[in-house]
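Dear colleague,

I am handing over the structure below, and I would be grateful if you could look through it alongside my notes.

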Amino acid sequence: MNTTQSQPLLHSFLFDPNSYMYLVVSLSGELTIKELVSAVEKAYTQNETTMSRLVLEQGKVWFEKMEKTGCKVFVKQGSWQEIRKENERKPFHLEAGEFFRTFLLKEKKGYTLMMMVHHLAADGKGMLLVLEDIFSNLTGEEVSYKPLHNEGSEIIPKDRKISFFMTCFIKFLNYFWKKS
């Protein structure tokens, strides 16, 4: 198969609106919507994945850094299930850098944060790094810029400490996805 014949197939796979993951988190405490929006927007600027766009030219695909993030944050009303259903067929604008859509929903006590992430950024690690940066931004912790890495887990130092939030989240995922 030559490149020109395979490009429509590659294009439909990469830009498929159904190739995403979502994550829902309940937040409580003394938070304002302004603080939440700011924490999400700041987290987007702290990760190369969310500061890049996808370039597709002549059958080749690569990430290109951008000055401004293409990822979006929305303040909505309704349930996260309704919001997900409304957005699950909307294609991500990867060529504009839209890999993440974060929705903030006001609840009776606190907020619900729902992230919809395109599969190219939803490897589990990228999603969790952005979520961890949101939490760190909310608590005022220092957050460093995270470059895009294509390596696997071998790049993580053996003595690295994982934050309390990440430890709880990983335990939840391991429980939820345990082998039967």
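This is a predicted model: local features need pLDDT of at least 70, side-chain atom pairs count only at pLDDT 80 or more; totals for chains, interfaces and linings use all residues.

Residues are numbered from 1 along each chain as its sequence is written, and side-chain values use heavy atoms, with hydrogens and water left out.

I began with strand β6, residues 111–118 (helices, H or I, of at least four residues and strands, E, of at least two are DSSP runs, numbered from the N terminus). Eight of its eight residues are buried, so β6 is largely enclosed by the rest of the structure; buried here means under 20% relative accessible area, exposed over 50%, and partly exposed in between, with a 1.4 Å probe and protein chains only. In a regular strand the side chains alternate between the two faces of the sheet. Both faces of β6 are covered, with Y111, L113, M115 and V117 buried on one side and T112, M114, M116 and H118 buried on the other.

Strand β6 pairs in the antiparallel sense with β1 (residues 20–27) over eight bridges, where two strands are said to pair if DSSP finds at least two bridges between them, and M115 of β6 is the bridge partner of L23. Strand β5 (residues 100–106) is also antiparallel to β6, over seven bridges, and R101 has M116 of β6 as its bridge partner. Between β5 and β6, which form a hairpin, there are four residues, and G110 in the turn has a positive phi of about 100°.

The structure holds five salt bridges, each being a side-chain nitrogen of Lys or Arg within 4 Å of a carboxyl oxygen of Asp or Glu. One of them joins R101 to E98 (2.7 Å, N to O); R101 counts as buried at 4% relative accessibility, and E98 is buried with a relative accessible area of 4%.

Another salt bridge joins E48 and K65 (3.9 Å, N to O), linking distant parts of the chain, since E48 sits in the loop between α2 (33–45) and β2 (52–57) and K65 in strand β3 (residues 60–65), 17 residues apart. E48 counts as buried at 11% relative accessibility, whereas K65 is exposed at 58%.

A further salt bridge is formed by R53 and E64 (2.9 Å, N to O); R53 lies in β2 and E64 in β3, so the pair ties together parts that are 11 residues apart in sequence. R53 is partly exposed at 25%, and E64 is partly exposed at 32%.

With best regards
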